[in-house]
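Visitor: I have a model open and would like to learn how to read it. Could you walk me through a few of its features?

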Protein chains: 2
Amino acid sequence: MPAEIPADSVGIVTPQQIDFPGPVQLASGRALAPVRIVYETYGTLNAARSNAVLICHALSGHHHAAGYHSLADDKPGWWDYYIGPGKPIDTNRFFVVSLNNIGGCHGSTGPTSTNPDTGRPWGPDFPRLRVRDWVKTQAMLMDALGIDVWAAVVGGSLGGMQAMRWCVDYPERLRHCVVIASAMKLTAQNLAFNEIARQAITSDPDFHDGRYLEHDTAPRKGLAIARMVGHVTYLSGDAMGQKFGRDLRRGTFEPGTEATIEFQVGSYLRYQGETFSDRFDANTYLLMTQALDYFDLARDFNDNPAQAFAKTGSRFLVISFTTDWRFSPERSREIANALLRAGKAVTYAEIDSEYGHDAFLIPIERYRQVFGTYMHSIEV
Amino acid sequence: MPAEIPADSVGIVTPQQIDFPGPVQLASGRALAPVRIVYETYGTLNAARSNAVLICHALSGHHHAAGYHSLADDKPGWWDYYIGPGKPIDTNRFFVVSLNNIGGCHGSTGPTSTNPDTGRPWGPDFPRLRVRDWVKTQAMLMDALGIDVWAAVVGGSLGGMQAMRWCVDYPERLRHCVVIASAMKLTAQNLAFNEIARQAITSDPDFHDGRYLEHDTAPRKGLAIARMVGHVTYLSGDAMGQKFGRDLRRGTFEPGTEATIEFQVGSYLRYQGETFSDRFDANTYLLMTQALDYFDLARDFNDNPAQAFAKTGSRFLVISFTTDWRFSPERSREIANALLRAGKAVTYAEIDSEYGHDAFLIPIERYRQVFGTYMHSIEV
């Protein structure tokens, strides 16, 4: 619980929801109905409706990006460092919309929702999703809120992929696109780690072919291992070394004992895995990683990303972090170069950071400055 | 099956075994008896007994390092590129000894062996091992073979740790020490991946607290996931990209279908995991990763590795590979620098390679040259 709500916080926020009867046609060819989207807003939509900013969340994210749900909350939303009065996404200027994507497990329609055809949870029968399906449903929310054009669409990691997809599918409906620690497609190594995560989940005997809710259980161990694998890839080797080194939590290096040692880093990872299993749905994790795998911005454009970006009227900010080995600076330079070839205005910044991929969530002064300067330059 | 045995092969080899009644005192304080060691030799021990080279194997290695067990073998031993007539470890000059370490699962006493106290497999009751226990039992084999001093002790990865430990525990019993793609201790990131591997194994319901053999089963899925995690860390991101890219094995990227796509890289990894589960024991994997975790060459020397190396009469070759991110060149430079501070003769080479940690097993011309030149300089 915060002693008091900080002055630069958006304060107490209340999630809202909107229900669309559907059906919504998905990239897979299937239709989804009904569709509920849970979202939060921060700041005020101006009379010209020109100051709206969309926040797209990453793999394990959700709608609660800033502020507190109650005074009892022990921490604020996941991007509170960057959203609020006077912060880079300045709620004194912008009307910020942050949603839980469909397929999610934080209130929007997803695998834990009821399948109207069966009266049981969707589970593994929930339609496969692609990034373009999220963009499409985000546009439905946009329309419902009476917004014609986003001042900016902003996202990190998988969220950055959504921001780029906006430029392809709705090239005139955003003025600025902010892509942070992202990539135009996954590398083979990225795909490999996602495959391991899915194997861990589906190998868990409590997975029950995805119908675990009907068995009143969940593949907790498998999901925890999946999260541990993911978490290691979010951190840089140096950051892990500085945070944990070879410190022991339990046991001893001394000879003459059989007691198994436990390293702090192992204990930390297990804790991360277990708490994630408490709050996240395994089918959602499978869906999200599959959407990541599928994403390939330039595939429909002869593998030419400049062509993918050709039609958009947006301007761009692209940010990467030096020690991010999940979506390395090389991947962001590919985005920036494609934008230059497409003749688009792009600001690219590679931020020195020791925090790996997680850097996009962490307070880093130069990141804040670059991000804030760019956002401040956006006319509303 | 080779069409014919190549001229630069050691040819058909037959594993040998030696039984020690024990007990052997281990670092844990426990004693192990009896102890069987399975090994192979290539080349001929000279009259002066001065040309013996010890090969120390890595995590999943074993005694079969070179040649063929029969004409029906489809491939030779795991280091056949580097051991044979005219090869870097030249069997025209050297008498090469390659063993399966205790705790292993290829014939030497390990968790699948019978515990004489119970008549059942040792399983999880097999004593915890440290690198120094392997060096001690390697010295027992050395004595039994009538060798006083090794011309060289050679190892890659975990094998390199054994080679370094020889210099601490038997400083006068080796003339040369060859440490390839290794480290004086694991990083936090290394520890994290090992922890994930162990979690995958012990979370498998077929693990049965390690007594799976008594249940006539094995934690195959958990071990496969552990191997997949390991395998990704053995390869460089670039090598995976070049080998697999985003090539599909099954399914399609085309919209309008729900068929799940399968990437070549995922299929490859699953195959690696499954075949590993067929041939490797899960308790051995746990033991080996724990020994890796424990290893810290300088811990008993005030964290001063130069002090650890101080007493040895050995000379050194240290080799690293540019894209190895499991044991990066930085780790090898730490070894070389410690040796220089200790006043030891050291040749250090950082080999350009795209193959990640696996490079130490792969034919690379400059690696072969550096390794061969050094080994050729050793007087026998």
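Visitor: Leaving aside neighbours within four places in sequence, which residues is Val53(B) in contact with?

Guide: Keep in mind that this model is predicted. Beyond its neighbours within four places in sequence, Val53(B) is in contact with Ile89(B), Phe94(B), Val96(B), Val97(B), Trp150(B), Ala151(B), Ala152(B) and Val154(B).

Visitor: Which residues have the most contacts inside the largest nonpolar core?

Guide: The general idea comes first: in soluble globular proteins, nonpolar side chains tend to be buried together. Here the largest nonpolar core has 235 residues, and Val53(A) and Val53(B) have the most contacts inside it.

Visitor: How many residues of E5(A) are buried?

Guide: In a regular strand, side chains alternate between the two faces of the sheet. For E5(A), 5 of its 5 residues are buried. Ala52(A), Leu54(A) and Cys56(A) lie on one side, with Val53(A) and Ile55(A) on the other, and both faces are covered.

Visitor: Which strands are joined to E5(A) by bridges?

Guide: E5(A) runs parallel to E8(A), with 4 bridges joining them, and Val53(A) stands opposite Val96(A) there. Another 4 bridges join E5(A), residues 52–56, to E9(A), residues 152–156, also in parallel. In E9(A), Val154(A) is the bridge partner of Ile55(A), and Gly155(A) is that of Cys56(A).

Visitor: What is the strand order of the whole sheet?

Guide: Read across chain A, the order is E1-E4-E8-E5-E9-E10-E13-E14, an open sheet of 8 strands with mixed pairing. E1 (16–20) and E14 (346–351) of chain A each have a single partner strand, so one side of each is left without a neighbour in the sheet. On average, neighbouring strands are turned by 20 degrees against each other, direction ignored. Helix H1 of chain A, residues 131–144, packs on this sheet and touches E1, E4, E5 and E8, and its direction makes about 60 degrees with that of E4(A).

Visitor: How many residues of chain A are in contact with chain B?

Guide: 47 residues of chain A are in contact with 47 residues of chain B. On the chain A side, H3, H4, H5, H6 and H7 each supply at least two residues, and H3(A) gives the largest share, 10 residues. By class, that side has 22 nonpolar, 14 polar and 11 charged residues.

Visitor: What rotation superposes chain A on chain B?

Guide: A rotation of 180 degrees, with 0.0 Å of shift along its axis, superposes them with an RMSD of 0.0 Å. That is the relation of a two-fold axis. Moreover, 100% of the interface residues of chain A are also interface residues in chain B, so the copies meet through the same surface.

Definitions and conventions: Residues numbered from 1 in each chain as written. Chains lettered and ligands numbered in written order. Predicted model: local features only at pLDDT ≥ 70, side-chain atom pairs only at ≥ 80, totals over all residues. Contact = placed C-beta atoms within 7 Å. Nonpolar A, V, L, I, M, F, W, Y, C, P; charged D, E, K, R; others polar. Least-squares fit on C-alpha atoms with pLDDT ≥ 70 in both. Pairing = 2+ DSSP bridges. Axes fitted to C-alpha atoms, helices over the stretch in contact; angles between N-to-C directions. Core = buried A, V, L, I, M, F, W, Y, C linked by C-beta atoms within 7 Å. Buried ≥ 20, exposed ≤ 12 C-beta atoms within 10 Å, placed from the backbone.
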